[in-house]
Amino acid sequence: MIQGVILVLDDTEGGICMMIGFVIIAAMAALAFAAINYYGVKKKDPGTEQMVQISGAIQEGARAFLNHEYKVIFKVSLVIAIVLGVVVSLSGAIAFVFGAVMSASAGWIGMNIATLANVRVSNEARNTKSLGKTLRVAFRGGSVMGLSVGGFALLGLALVYLVFGVILKQATPENLRFHTNWLGISDIPFTMTVSSYALGCSIIAMFNRVGGGIYTKAADMGADLVGKTEAGIPEDDPRNPATIADNVGDNVGDVAGLGSDLLESYVGSLVSAMILAAYIYFSQGTIAASLVSKLVYAPLLVAAGGIVSSMVGILFLLVKKVSDNPHKELNAATFMGAGFTIVSSGIITFFLFQGEDVASAGFALGALSPWVAAVLGIVSGIVIGQIAEYYTSYDYKPTQKIASSSQEGPALTITQGMSVGMISVMAPVVVLGIAIIASHATAGLYGVAMAAIGMLSFVTVTVSVDTYGPIADNAGGISEMARLHPEVRGITDELDAVGNTTAAIGKGFAIGSATLAALSLFSSYLYAQAGESVEHGIELVLNMVSPLTLVGGLVGAALPYLFSGMLIEAVANAARKMVQEVRRQFKADPGIIKGTSLPDYTTCISISSAGAISEMKIPALISVATPLVTGFIFGAGFVGGLLIGTTLSSVMLALYTANAGGAWDNGKKYVEHGHFGGKGSNAHKAAVVGDTVGDPLKDTVGPSLDILIKIMAIVSLIAVSIFGKFNLFALLG
Amino acid sequence: MYYYVVFYPIEALIASQLEPKNFGMYMARGSKKGSAERLMFAEIEGDCSEAFDWEFARSKCVAHANGEPKHSLYLSIYRVIEQIPLEAYKNVYLVNQDGTTLALEAKTYKASTDWKGYGLYKEHCPVHPFIASSLKPKELAAYIISDTGKKITVPAIIFTDIRSIDLEEKEHTGNIGSMFERDLDHLKECIEDVKGQNGKVTKTIDRSFDSKFTYQIIGEGIYIAKGEGILFYPMPNREELKEIDYDWGRSANIFW
């Protein structure tokens, strides 16, 4: 058996094809598993006619939005693909489109399964009255998204590697060098191809996250501000005209948006390691060709091992007798996925690198160095997740303190929440710092990239758990809207509550991995900036005292604030329109509140949809255009500073917004669970203000910043060979 | 034709063609103005007192030309409950801000077995204070109504007993709204006053507490007393409420 593995893990073309075959089989298996779970959920009874009607309206709204959004993305993507084809290479354009299709497919499938699963989860609770059995249906639905994210991301990247890297030989050691295209631009073709694939994923992620984030929060705030606060009707009450839009928002924001976000992070981490391997080889002539090949495809193998491990974790939860403790069950699936990933990546790394002169690649701990780095990533991801939980869960002091401050009014709720959010930034940054230093000491910059991969290697199971949350949330909404028995609503509410905690932990992973991947991409950027002179060995130094670089850093640090401000304003604009519409409907038709006539749900869906579509364009384009525009004016040094500034500033802002928003949200829930007067108290009113302020921060701004970091790094990496040569400052001498 | 005595937030006798739940919805939400306010009322028999013009009600409380029922015809706006005999009362209705309405049926009065030596009460009609008392509900009503040498009495009263909480444990209160939010020391002093040996039977904690009163803190139920009689409308507990009207409970913030 071991001999067989050793035979497979060789560096001949046949051996590489077999290994990529293994990666493709793993990805296909994940997609097949997703299909089985999809139909497993679909064949379940959706419940009463009323339940089917409600879920149909949610599904229709979600589909309409995603169709509309994808039309916009298609136009933008077409322009980018043409530019890539003309300026970079045809392979880059094809890989870009491929990446965009893979990411869009995952988002689409995720949204579809979520809108199918929600009503079936609700009906399972209705039929069985069992928390465990209902959890299983919700998780099966979530697993479709998780398996699709892992499967599509890896399948696409493996095919890109197989077609362009192996068949067209872009990834052979002799071709991992600079080529000059018809425009006189020099780059390493393979790095451009995989970067373009990552860019395709990033573009979809940016639009899905920004668009979905604006949609979901506009609907949520509109529904809450008028329905709950002014009219006094409870959450998910069918009399609220914005309630269907709110539930649609869960699907387009928290499912499609989150799925493409994590797919992008996953691909970003894999691609950053592959690119770095190419540059390390190019810059250090001492590395053997066989080793460099392995460094390039090792991330794919580790990821494949992670997918298989995640499938075990998912299967474990789907086949075992599920207890009535959803948090424990979901954690068990996640930790099982992580545990098996550690084992599988250890085996793969050992057999892949054993016998190689790994010291030449800067590995300090022999063949297992990349594995040690990956484990550091996994552990630091879990620690960052736990830190996020500490600062955002109402089981701990920080959030309880926000709830307590609410007794003194909304001003102190906001102040205390800001304090918790700001304080919460330090600990994960220290963990990241330790992970970066330790992984770098273990395997150099490649180790840092492997740490990012480790953090996301079991993304399949973490996305499954994350997607379970909005499905359970929607199921709760349907149970309320269909006026199901209180026991049923109790079950779906309990499942929903667990989803809130898992979401906070997931955000910790997303931010951590984005930082590590951005650092790897930034290193590649410096290599690419140096161009062919890298061949003679360079020290990766960014001259921060250069005025252009320093100013780039300053602008970069300010950019996330501009970006975040625009997103918050976009949410506020759309929410304002929603508030006005809900008020108008209540006033125009008193029968709505009496329950004798149905509200006009469609207009509210249209408001959220139109608001998100119109407002998402500029922030998304800023993220792509800023490095290009500044690069062509000020040159590569400025963009280097820009990337550092944006990365540092975004990480802090993303951690702050995610944790402050999460803490405000759970602070409100703590009060609602009967503390400090509970619902209806002045403390509750203040906590609701905090939650409303935090909503766009944690669900729109924070997740979008993760993508901002990587999309800017990838765009810069692709374009640096062009604007490094052709920029206004260089032309002016 | 229905007759309703609204006793919170105003005191009024209203004739209406709307049955109780629709009347509650109408009063809470209005027909056009988009209001959103809580109210409590009781349905009563017509012709139960000579103090009101029932003929006027019958002649004016008729459907509109378009067939729409007459929503409300005010027959009297103060000193209403003193004129209504207890036998005329039917159900009491608690209306949420969103118009959802819970019906409470009168049951035989039973003194609480969980007596701590004092009770907290919210008077709704004819005046609105929040008080502490050393008396149980029936005795309190008799004390307030009967002339025992006191300067002030009322002929009839509607009040609620209030759930008492652990005043030393402010964090884990349960869903009680803002009733116990401020000046707990004053509340404790009032309780000590009525529990003490100085013969003080009642103590006003706050003269008007309407804005802080919520259905979450109703203890045993609602009491309507006149003369020597008392009607008791028990408030369902959480589990009972889940079965009776879960949606009303959610609107009333009783459930999470």
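In this predicted model, helix α17(A) is followed by Gly635(A), a residue whose phi is positive, near 95 degrees. Helices here are DSSP runs of H or I with at least four residues, strands are runs of E with at least two, and both are numbered from the N terminus. Residues are numbered from 1 along each chain as its sequence is written, while chains are lettered from A and ligands numbered from 1 in the order in which they are written. Because the model is predicted, local features need pLDDT of at least 70 and side-chain atom pairs count only at pLDDT 80 or more, whereas totals for chains, interfaces and linings use all residues.

**Helix α17 of chain A**
- Helix α17(A) covers residues 601–634, which makes 34 residues, and reaches 50 Å from its first C-alpha to its last, close to the 50 Å expected at 1.5 Å a residue (the expected span is 1.5 Å times one less than the number of residues).
- At Ala625(A) the helix α17(A) bends by about 40 degrees, and Pro627(A), a proline, follows within four residues; the bend is the angle between axes fitted to the seven residues ending at a residue and the seven starting there.

**Pro238 of chain A**
- Pro238(A) lies in the loop between α6 (189–230) and α7 (243–283) of chain A.
- Pro238(A) is buried, with 20 other C-beta atoms within 10 Å; a residue counts as buried if 20 or more other C-beta atoms, placed from the backbone, lie within 10 Å of its own, as exposed if 12 or fewer do, and as partly exposed in between.
- Leaving aside residues up to four places away in sequence, Pro238(A) touches Thr243(A) and Met481(A), where contact requires C-beta atoms, placed from the backbone, to lie within 7 Å.
- Pro238(A) and Gln400(A) are 162 residues apart in sequence, and 32 Å separate them in space, C-alpha to C-alpha.

**Where chain B touches chain A**
- In this interface, 30 residues of chain B are in contact with 23 residues of chain A.
- On the chain B side, α1 (20–29) and α5 (238–251) are the elements that give two or more residues, and the largest share, five residues, comes from α5(B).
- The residues on that side of chain B divide into six nonpolar, 15 polar and nine charged, where Ala, Val, Leu, Ile, Met, Phe, Trp, Tyr, Cys and Pro count as nonpolar, Asp, Glu, Lys and Arg as charged, and the others, Gly among them, as polar.

**Helix α1 of chain B**
- Seven of the 10 residues of α1(B) are buried, so this helix is largely enclosed by the rest of the structure; among the buried residues are Phe23(B), Met25(B) and Met27(B).
- The cover over these buried residues of α1(B) includes α16 (591–594) of chain A, together with strands of chain B such as β1 (2–8) and β5 (89–95).
- After α1(B) comes Gly30(B), whose phi is positive, near 70 degrees.

**Two domains in chain B**
- The domain assignment, which is automatic or from a database, gives domain 1 (2–104) and domain 2 (119–235) of chain B, and their centres, taken over C-alpha atoms, are separated by 26 Å.
- Contact between them involves 12 residues of domain 1 of chain B and 16 residues of domain 2 of chain B.
- On the side of domain 1 of chain B that touches domain 2 of chain B, β5(B) gives the most, with three residues, and the residues divide into 10 nonpolar, no polar and two charged.

**Confidence in chain A**
- The mean pLDDT of chain A is 89, and 97% of its residues reach 70 or more, pLDDT being the predictor's confidence in each residue, from 0 to 100.

Conventions: Two residues are in contact if their C-beta atoms, placed from the backbone, lie within 7 Å.
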